[in-house]
Amino acid sequence: MSIELQWDIPVPEGMGALEGLLGRVAEACFRAEGVENAGFCIRIVDDEQIRALNLDHRGIDSPTDVLSFPTVAYPHGKTARDCPKRVGREYDPSMGCANLGDCVINLARARAQAAEYGHSLTRELSYLTAHSAFHLMGYDHMNEEERGMMRNMEERALNAVGITREGEVPSHEQLFELACEAMHNSYSPYSHFKVGACILTTDGRTFQGCNFENASYGASICAERCAAACAIAAGARQFAAIAIASSDAPAWPCGICRQVLREFSDLSLPVIVGQCGKDFSVMTLGELLPNSFGPENLKVKVEKP
Ligand code: THU
């Protein structure tokens with residue numbers, strides 16, 4: 001896990017999946033920066049606690065939304081990608097990676113900002129986590145140019161996990177529901193194994209698919225590739241998540257589908273798998289397809305608008 005989440009206030013209801021989401025946000029930030037084997041700690045606090053920290057560390061006696069405390073001292077104008085040795089020196093055996101520092105988030109302020117912008121609390125927490133992650137990697141916003149660069153990086157990372165500026169990101173639960181819905185259209189008279197899938201693309205669209213079989217068995221198509229085909233045909237090129245629901249035991253994607261997903265996804269792609277009507281599990285594509293081969297292994301520039 002690339003983050004350690006610590007609650008310095010009572011955990012509100014419905015926040016159970018937060019660590020997984022913020023971990024994926026952090027990983028997307030590291031990938032955007034090209035940093036490997038890194039992590040940081042996220043502390044969730046209230047107005048009063050962050051006010052005290054703001055006073056202690058910055059001499060400002062007022063609450064704020066997020067504070068970042070980097071472990072690495074980056075030379076002027078450099079960020080984590082320029083300093084792999086400095087980052088590597090922060091290796092923390094208990095985290096199993098380099099600890100880039102602490103991100104302290106004020107939950108009360110995050111709630112107020114989410115209401116102000118008209119989006120969800122989890123989206124606001126994701127944004128604050130990404131903002132802090134880039135501070136922990138040496139970014140700042142002292143002038144317009146720096147601000148623009150940092151904002152681009154944040155946006156790239158958030159897009160990779162399906163959080164776009166417009167609209168809400170469907171939750172894993174919602175994606176799984178859409179996969180179950182698609183499963184009912186499965187054409188599987190030979191195996192009687194019904195599978196449905198739903199792909200979330202980074203521009204926030206969802207595409208459903210189901211398996212459809214053929215009397216010539218080898219011509220059958222899995223639900224995942226059916227959903228992928230719909231997404232590609234609609235112009236999407238980057239996947240942010242996939243949910244797969246089956247009528248029987250949970251169906252982790254077959255090898256061919258893993259490779260097809262690899263073409264259009266980061267390795268952090270959450271793969272949400274379960275039996276319809278039951279709980280689901282989540283693994284990343286990187287876990288399901290280690291040491292994989294992808295477009296970047298070929299000396300060809302692949303345009304993905
Ligand atoms: N199947 C899928 O749709 N997705 C998977 O990940 C595994 C298998 C389908 C293909 C075939 O129609 C049936 O399940 C039995 O293999």
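In this predicted model, the residues Y187, Y190, F212 and Y217 form a nonpolar patch on the surface, and together they have about 460 Å² of accessible area. One of these patch residues, Y217, is placed in the loop that runs between β7 (206-210) and α8 (223-233). Because exposed means over 50% relative accessible area, Y217 counts as exposed with its relative accessibility of 59%.

Turning to the ligand, the residues around the ligand are S191, F193, V195, N211, E213, C222, A223, E224, W252, P253 and C254. Sorted by class, this shell consists of seven nonpolar, two polar and two charged residues.

| Residue | Polar atom in the residue | Distance to a ligand oxygen atom |
|---|---|---|
| E213 | side chain | 2.5 Å |
| A223 | backbone | 2.9 Å |
| W252 | backbone | 3.5 Å |

On its own the ligand has 370 Å² of accessible area, and the protein covers 77% of that area.

The remaining position is N297, which is found in the segment after α10 (285-288). N297 and N159 are 138 residues apart along the chain, and a separation of 23 Å lies between their C-alpha atoms.

Terms used:
Residues are numbered from 1 along each chain as its sequence is written. This is a predicted model: local features need pLDDT of at least 70, side-chain atom pairs count only at pLDDT 80 or more; totals for chains, interfaces and linings use all residues. Side-chain values use heavy atoms; hydrogens and water are left out. A residue is near a molecule or strand if one of its heavy atoms lies within 4 Å of it. A polar contact is a pair of N or O atoms within 3.5 Å; within protein, one must be able to donate a hydrogen and the other to accept it, and residues adjacent in sequence count only if both atoms are side-chain atoms. Accessible areas come from the Shrake-Rupley method with a 1.4 Å probe; for residues, only the protein chains shown count as cover. Ala, Val, Leu, Ile, Met, Phe, Trp, Tyr, Cys and Pro count as nonpolar, Asp, Glu, Lys and Arg as charged, and the others, Gly among them, as polar. Patches are made of residues with over 30% relative accessible area and no salt bridge: like charges are joined within 9 Å, nonpolar side chains (Val, Leu, Ile, Met, Phe, Trp, Tyr) within 5 Å. A salt bridge is a side-chain nitrogen of Lys or Arg within 4 Å of a carboxyl oxygen of Asp or Glu. Helices (H or I, at least four residues) and strands (E, at least two) are DSSP runs, numbered from the N terminus. Buried means under 20% relative accessible area, exposed over 50%, partly exposed in between (1.4 Å probe, protein chains only).
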